[in-house]
Amino acid sequence: MGIELYLDLLSPPCRSVYIFAKKNNITFTFKQMEVLKGQQHSDGFGKVNVLRKVPALKDGGFTLAESPAILAYLSQKYKTPDHWYPLDMKKRARVDEYLSWQHSSIRPIYTLFPIQVVFPLYVDQTAPEEKLQEALEDLAIPLKQLEEKFLQDKPFLVGNKISLADLVAVTDLMQLIAIGYNIFEDMPKLVEWRSRVEKAVGKELFQEAHKVILNFQDLNNIFLHAPKMTLQISTPGHHQAVVIDPGDGPGVYQG
Ligand SMILES: N[C@@H](CCC(=O)N[C@@H](CS)C(=O)NCC(=O)O)C(=O)O
């Protein structure tokens, strides 16, 4: 029995796993998940990932959660080209260093996504400006660290070739670029890096994986048909649960 990947391409970690598997010609069954419809809470999915998050992998009787672990597993199982997850101990440690760092630094950029896209759709009003500003300010710090500590003057985050670190970084940041934030403004090195990553992945595959977030109309439909949900919004120093209930009329936003 082959590999099954449970993915929702609205999700950055799912896109990194999808692109990696496709780029490396790994045969897998695409198990389409719709997180905004709550499919992660189904009994069936609970058997694949008790954490109820995507992406998730099933390889026969073996199941795995967490995108960095899934990417590392796939690269080792299918012996993908070395540059993705180098065997050299120090180079691999650099990839691991980025994958560990991004969870608590770059990942909170998700905050911007619900604030900018979801609130206006559900609540029939524009996003709270001060929250948007806070989130943008919070993002400036990890972006600078991404450039200065990780990218430096290299073509890719860990040297001359693309690695898992670049893939994870770019899929996270595309979440904002796609909805119109020029987050690399005044950061030409990151602009060039993003283009290099897209080229290394292949423009067609890159665009295909991001189609759903690049097409704003599709995004509207997805959000408008989502059930009532609670979003956990976190940036360094802030945490908030927001209930969004589309109901029959304009949504209700309880911050
Ligand atoms: N650390 C996890 C993050 C997984 C995650 O948070 N997935 C989100 C989508 S981006 C999810 O499944 N959310 C569903 C929920 O929270 O109910 C990874 O890198 O795989």
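The model is a predicted one, in which local features need pLDDT of at least 70 and side-chain atom pairs count only at pLDDT 80 or more, while totals for chains, interfaces and linings use all residues. Residues are numbered from 1 along each chain as its sequence is written.

Four strands make up an open sheet with mixed pairing, in the order E2-E1-E3-E4. Strands (E, at least two residues) and helices (H or I, at least four) are DSSP runs, numbered from the N terminus, and two strands pair if DSSP finds at least two bridges between them. At the edges lie strand E2 (28-32) and strand E4 (62-65), each of which pairs on one side only. From one strand to the next, the twist averages 20°. Angles such as those given below for helices run from 0 to 180 degrees between N-to-C directions, and axes are lines fitted to C-alpha atoms, for helices over the stretch in contact.

Within the sheet, E1 and E3 run antiparallel and are joined by four bridges; tyrosine 6 has alanine 56 in E3 as its bridge partner. Strand E3 (residues 56-59) is likewise antiparallel to E4, again with four bridges. Here leucine 57 is partnered by leucine 64 in E4, and aspartate 59 stands opposite phenylalanine 62 in E4. E3 and E4 form a hairpin with two residues between them, and glycine 60 in the turn has a positive phi of about 65°. In a regular strand, side chains alternate between the two faces of the sheet.

Attention now turns to the helices. Two packed helices are described by the angle between their axes and the distance between the axes. Helix H1 (residues 12-23) and helix H3 (residues 67-77) pack at about 10°, with axes 9 Å apart. H1 and H3 are therefore roughly parallel to each other, a label for angles under 35 degrees, whereas angles over 145 count as roughly antiparallel, 65 to 115 as roughly perpendicular and the rest as oblique. In this contact, Pro13, Ser16, Val17, Phe20 and Ala21 of H1 meet Ser67, Ile70, Leu71 and Leu74 of H3 (residues are in contact if their C-beta atoms, placed from the backbone, lie within 7 Å). By class, these residues are seven nonpolar, two polar and no charged. Ala, Val, Leu, Ile, Met, Phe, Trp, Tyr, Cys and Pro count as nonpolar, Asp, Glu, Lys and Arg as charged, and the others, Gly among them, as polar.

H1 also meets helix H9 (residues 203-214): the axes come within 10 Å and cross at roughly 145°. The residues involved are Arg15, Tyr18, Ile19, Lys22 and Lys23 in H1 and Leu205, Ala209 and His210 in H9. They comprise four nonpolar, one polar and three charged residues.

H9 packs on helix H8 (residues 188-201) too, at an angle of about 105° and with the axes 5 Å apart. H8 and H9 are therefore roughly perpendicular to each other. Glu198, Lys199 and Val201 of H8 make this contact with Lys203, Leu205 and Phe206 of H9, giving three nonpolar, no polar and three charged residues.

Finally, there is the ligand. Ser11, Pro13, Val35, Gln40, Arg52, Lys53, Val54, Pro55, Glu66 and Ser67 surround the ligand, where a residue is near a molecule if its C-beta atom, placed from the backbone, lies within 6 Å of it. This shell holds four nonpolar, three polar and three charged residues.

Two backbone details are worth a look. Most residues other than glycine have a negative phi, and most peptide bonds are trans. The bond from valine 54 to proline 55, however, is cis, with omega near 5°; proline 55 sits in the loop between helix H2 (43-48) and E3. Glutamate 66, in the loop between E4 and H3, has a positive phi near 75°.

Definitions and conventions:
Two residues are in contact if their C-beta atoms, placed from the backbone, lie within 7 Å.
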